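Trainee: I would like to go through this model term by term.

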Amino acid sequence: NLVPLVPVLERMTQKFAQVAKEKHVDLRFVSNIEEDVMVNIDEDRIEQVLTNLVDNALRHTPIEGAVTVSATYAKSYAKIEVRDTGIGIPKDDLPYVFERFYKADKARTRSKGGTGLGLAIARNIVEAHNGNIAVTSVEKEGTAFTFYLPL
Ligand code: ATP
Ligand code: MG
């Protein structure tokens, strides 16, 4: 289905405006892709991906932090990034975050709910769109999840 990428991503991000406001987290959407650029995606599935990434970012970012969703060009792809200033993910855990049921520090995350399936599902969805997803993170500094969708 052909949909306008930027307005769709912006709407998905804005769903979290109230949650972010209550947490005093600065949630922003930025893009240098034109508003009328269309992508062939399953909008509901990509919404599931972005929703999980923003939900994760907000849950792991303390008060006064920032979560930024950005959309930029990367060759023939749209690069969509969700960056936070949160607790980060331990370096040794990074290779496993996309595996089913992975949760960093079980004792800590159990209290924050979630099943540990969101990122595994996100990777499946992005790959089904002929894209890919990756993560970089520094403990106590923050995390960035990046996924690419073909334009
Ligand atoms: P679900 O998404 O199924 O409700 P979940 O959020 O725990 O549960 P995932 O979205 O797959 O599962 O994330 C897996 C784990 O990766 C999280 O439990 C958390 O430990 C870690 N994680 C994910 N995103 C971040 C982030 N932005 N900052 C810090 N840790 C993160
Ligand atoms: Mg999640």
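**Labels and their cut-offs**

Mentor: Start with the ligand. The residues of the shell around ligand 1 divide into eight nonpolar, eleven polar and two charged. Ala, Val, Leu, Ile, Met, Phe, Trp, Tyr, Cys and Pro count as nonpolar, Asp, Glu, Lys and Arg as charged, and the others, Gly among them, as polar. One caution: this is a predicted model, where local features need pLDDT of at least 70, side-chain atom pairs count only at pLDDT 80 or more, and totals for chains, interfaces and linings use all residues. Residues are numbered from 1 along each chain as its sequence is written, while chains are lettered from A and ligands numbered from 1 in the order in which they are written.

Trainee: How many residues surround ligand 1, and which are the closest?

Mentor: The count is 21, and the closest are N56, H60, G114, G118 and L119. A residue is near a molecule or strand if its C-beta atom, placed from the backbone, lies within 6 Å of it.

Trainee: Which helix gives the most to the shell?

Mentor: α3, with three residues. Both α3 (43-59) and α5 (118-128) supply at least two. Helices (H or I, at least four residues) and strands (E, at least two) are DSSP runs, numbered from the N terminus.

Trainee: Why is G142 called buried?

Mentor: A residue is buried if 20 or more other C-beta atoms lie within 10 Å of its own, exposed if 12 or fewer, and partly exposed in between; C-beta atoms are placed from the backbone. G142 has 21 such neighbours, so G142 counts as buried. G142 sits in strand β7.

Trainee: What is G142 in contact with, beyond four places in sequence?

Mentor: R83, D84, T85, G86 and G88. Contact requires C-beta atoms, placed from the backbone, within 7 Å.

Trainee: What makes a nonpolar core?

Mentor: Buried Ala, Val, Leu, Ile, Met, Phe, Trp, Tyr and Cys residues, joined through C-beta atoms within 7 Å. The largest one here has 30 residues, and V49, L53, V54 and V67 have the most contacts inside it. The largest share, seven residues, comes from α3. Leaving out residues up to four places away in sequence, L53 touches V82, A122 and F145.

Trainee: How do you know that β5 and β7 pair?

Mentor: Two strands pair if DSSP finds at least two bridges between them. Eight bridges join β5 to β7, and the two run antiparallel.

Trainee: What is the order of the open sheet?

Mentor: β2-β4-β5-β7-β6, five strands with mixed pairing. β2 (26-31) and β6 (132-138) are the edge strands, since each pairs on one side only.

Definitions and conventions:
Contact = placed C-beta atoms within 7 Å.
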